[in-house]
Amino acid sequence: MSPAVDAAEVRRRTRELLASHPPATTGRTDFLKARFDAGLAWVHHPVGLGGLDAPRSLQQVADAELAAADAPDNDPRRIGIGLGMAAPTILGFGTDEQKRRFLRPLWVGEEVWCQLFSEPGAGSDLAALATRAVRDETGDWIVDGQKVWTSSAHLARWAILIARTDPDLPKHRGISYFICDMTDPGVEVRPLRQITGEAEFNEVFLTGVRIPDSHRLGPVGEGWKVAQTTLMNERVSIGGSRIPREGGMIGPVAKTWRERPELRTPDTHQRLLTLWVEAEVARLTGERLRQQLVAGQPGPEGSGMKLAFARLNQEISGLEVELLGDEGLLYSEWTMVRPELVDFTGRDAGYRYLRSKGNSIEGGTSEVLLNIVAERVLGLPAEPRNDKDVAWKDLSR
Amino acid sequence: MTVPTPAATPDLLYSQDEEDLRLAVRALLADRAAAPTVIAATESDTPYDPRLWSSLAADIGAAGLLVPEKLGGQGASHREAAVVVEELGRSVAPAPYLTSSVVATETLLASAAVDGPAAALLGELASGARTAVLAVPFATPPAGAGPVLAALDGTVRGIADAAAADVLLVPTAEGLYAVETSGPGVAVESLVPLDLTRPLAAVTLTGATGTLLADADAGATAVRRGLLAGAGLLASEQLGIAEWCLTETVRHTRERHQFNRPVGSFQALKHRMAQLWLEVVSARAAARNAADALATGSPDAPLAVAVAQAYCSGVAVHAAEECVQLHGGIGMTWEHPAHLYLKRAKADSLAYGSAGSHRQAVAELAELPAP
């Protein structure tokens with residue numbers, strides 16, 4: 001065990017990196033690789049895997065120093081699924097070889113990741129998934145099935161994949177977790193056009209996709225447990241950063257209100273004030289959660305933040321369309337495009353209104369999240385179920 | 001136009017000292033203000049328990065939290081006082097803490113007389129030996145605090161905790177006065193309040209005399225500051241109410257069986273409780289933010305208080321209403337304490353200004369003007 005790394009040590013190492021690789025004269029990828037190797041990618045990771053074995057809270061010390069020096073970042077929004085979901089799962093369940101192979105190019109952004117979880121027949125009931133992985137005589141896994149709502153699939157080099165390896169077991173127990181090569185000839189990616197007119201997501205068809213057993217994450221049949229880590233990290237990643245006042249969707253509405261007095265009505269004024277207060281309280285709730293994490297007292301509040309933001313985004317953008325009057329009847333562009341990034345606030349009110357409808361569906365519907373809060377936080381009993389002890393193959397579909 | 005930004009990042013957590021204080025207050029209230037005791041007390045002539053008050057005010061030292069040590073107080077801040085208020089909300093114990101130890105105390109501290117006639121009174125309030133209340137209707141918002149009376153003559157209705165108070169702080173057009181309730185020309189008439197745990201009274205002054213604490217302008221400023229502190233810490237009371245309501249509702253619906261299963265297993269009910277949990281979590285952030293802004297004297301305090309009141313009022317009422325509904329018939333009885341919380345929550349939603357009046361304050365402070 002190396003001596004405990006404190007804030008001063010993180011600062012010293014960051015300055016050393018900046019001295020040996022001046023951002024002004026170092027290529028972006030070279031700088032990021034050097035940063036990873038210096039243990040400043042995820043300071044809480046083990047040494048050699050992008051970290052220093054330091055407390056997670058010290059990451060902000062490195063980040064602040066690097067931002068002040070105008071160092072390039074790894075464009076976290078472009079590789080969000082890799083950073084937020086694949087990396088913690090690989091760190092938690094991967095073999096040493098998998099960790100060494102995948103984490104560095106993932107963090108640096110050389111390899112984009114996507115997530116092959118949801119299926120047309122397995123949304124909220126993800127454990128009912130039907131994509132099959134069958135082991136052939138070589139020991140490789142042959143995967144057939146269909147996945148859906150896959151963002152970045154057309155850009156991704158790798159995917160985290162869950163598939164059914166034993167249909168005779170109850171549904172949660174017959175699943176295994178894999179790393180899937182998106183360049184395999186059996187992988188077909190088709191854009192999935194959505195309510196906004198664009199295709200931010202994809203459908204992914206898997207036909208005879210070959211995955212070596214060395215790309216399995218965790219034991220055979222334990223895929224559901226591994227996936228819990230992935231999904232937990234998906235929700236925890238919200239609330240990580242400090243949001244300024246009026247930082248979310250309320251910002252553009254408040255701006256419009258101030259700049260365009262002719263649009264104001266008594267009704268929209270009351271609704272704006274109510275939503276402004278709720279947005280400010282949601283911001284403070286996120287800030288309190290952040291302070292709890294920094295103080296090493298993580299609370300269950302994170303599971304609630306997504307619920308709050310989903311509802312607020314929908315109500316605020318709905319008000320915004322209405323406030324705009326005649327202009328609210330227009331839409332910027334229905335042409336089908338495949339955006340690399342989703343910018344919730346960068347487009348017009350109509351787009352925000354439509355896109356935010358997904359906020360209460362993606363990453364766990366609000367109804368499922370309410371169940372999670374009720375059962376895991378409040379300790380309320382679960383609804384009686386008839387699907388837990390039945391072999392997957394015998395469930396009604 | 002620029003977007004108003006908070007001056008500094010507020011500390012939204014509870015310190016270890018604050019948690020220790022909470023445990024002491026909670027233990028005292030569990031001992032002296034259990035629900036049957038509070039229900040019985042509300043049916044007596046005076047719901048206040050003098051032994052509870054002396055333990056809270058003097059032994060724990062809660063009455064003097066806002067008062068500097070040189071004036072006989074604890075030299076703590078609104079953050080600690082907010083924790084006391086939160087626990088009092090959780091127990092709905094009748095105690096003139098918010099009215100005397102927060103609003104009257106803050107008004108005195110803000111008055112110019114803090115080095116003169118107010119000093120002795122502050123010491124008495126800090127020790128809990130006496131209590132004082134600000135003689136304005138309980139529903140007065142911080143921004144609407146004009147003098148009610150022209151002089152020490154006339155009637156002010158709806159003053160919270162006046163019947164138990166030794167001193168009235170009376171804002172008049174001539175200035176802010178301290179008037180002894182036992183003095184000549186002072187009549188305190190108890191009213192029948194919606195919330196039996198916080199009695200209201202009408203005070204009639206007929207040629208009463210008092211000590212001038214501040215002239216009209218300085219008095220008005222002091223009263224506004226007192227009411228701002230009251231409104232800000234009331235959010236913590238509302239948080240305490242809401243938390244109790246949620247906790248009890250979860251407890252009840254886990255135990256209560258209908259249709260051969262706990263009623264809390266039905267999604268129709270558990271989703272409502274999960275929603276309340278989210279509101280409670282949010283109310284805590286808003287209430288802590290207001291307490292911290294008051295404690296640090298932040299220029300953001302008026303907005304932080306307005307946001308906390310605009311939000312937490314509705315949360316406490318919602319939690320209490322859900323508590324009654326999800327308790328079914330039991331929630332409608334006099335025996336079960338749910339009604340105490342509903343009445344307190346509803347009365348609190350008017351106290352120191354309704355949510356609507358605080359949203360109007362937000363409109364001004366956040367530069368979102370009316371049409």
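User: What do the buried residues of α1(A) pack against?

Analyst: This is a predicted model. In it, the buried residues of α1(A) pack against α2 (28-37) and α3 (59-68) of chain A. Contact here requires C-beta atoms within 7 Å.

User: Which residues of α1(A) are called buried, and what makes them so?

Analyst: They are Val10(A), Arg13(A), Thr14(A), Leu17(A) and Leu18(A). The cut-off is 20 or more other C-beta atoms within 10 Å of a residue's own. These five residues are classed as buried, so each meets that cut-off.

User: How do you know that the buried residues line one face of α1(A)?

Analyst: Look down the helix axis. The buried residues fall within an arc of 140°, so they line one face. An α-helix has 3.6 residues a turn, so residues three or four places apart point the same way.

User: Which exposed residues are on the face turned away?

Analyst: Ala8(A), Arg15(A), Glu16(A), Ala19(A) and Ser20(A).

User: How do you know that the span of helix α1 of chain A agrees with its length in residues?

Analyst: Helix α1 covers residues 7-20, which is 14 residues. The expected span is 1.5 Å times one less than the number of residues. That gives 20 Å, and the end C-alpha atoms are 20 Å apart, so the two agree.

User: How many residues does each chain put into the contact?

Analyst: Chain A gives 40 residues and chain B gives 38. On chain A, α7 (250-259), α8 (266-294), α9 (302-323) and α11 (366-377) each supply at least two. α8(A) gives the most, with 16 residues.

User: What is the make-up of the side of chain A that touches chain B?

Analyst: It divides into 23 nonpolar, 8 polar and 9 charged residues. Gly counts as polar in that tally.

User: What makes a set of residues a nonpolar core, and which members touch the most others in the largest?

Analyst: Members must be buried, of a nonpolar type such as Ala, Val or Tyr, and joined through C-beta atoms within 7 Å. The largest core has 162 residues, and Ala286(B), Val307(B) and Tyr341(B) touch the most other members. Beyond its sequence neighbours, Ala286(B) touches residues including Val281(A) and Leu284(A), along with Ala235(B) and Val307(B). A second, separate core has 65 residues, among them Met85(A) and Tyr177(A).

Definitions and conventions
Residues numbered from 1 in each chain as written. Chains lettered and ligands numbered in written order. Predicted model: local features only at pLDDT ≥ 70, side-chain atom pairs only at ≥ 80, totals over all residues. Contact = placed C-beta atoms within 7 Å. Helix = DSSP H or I, 4+ residues; strand = E, 2+ residues; numbered from the N terminus. Buried ≥ 20, exposed ≤ 12 C-beta atoms within 10 Å, placed from the backbone. Arc of directions from axis to C-beta.
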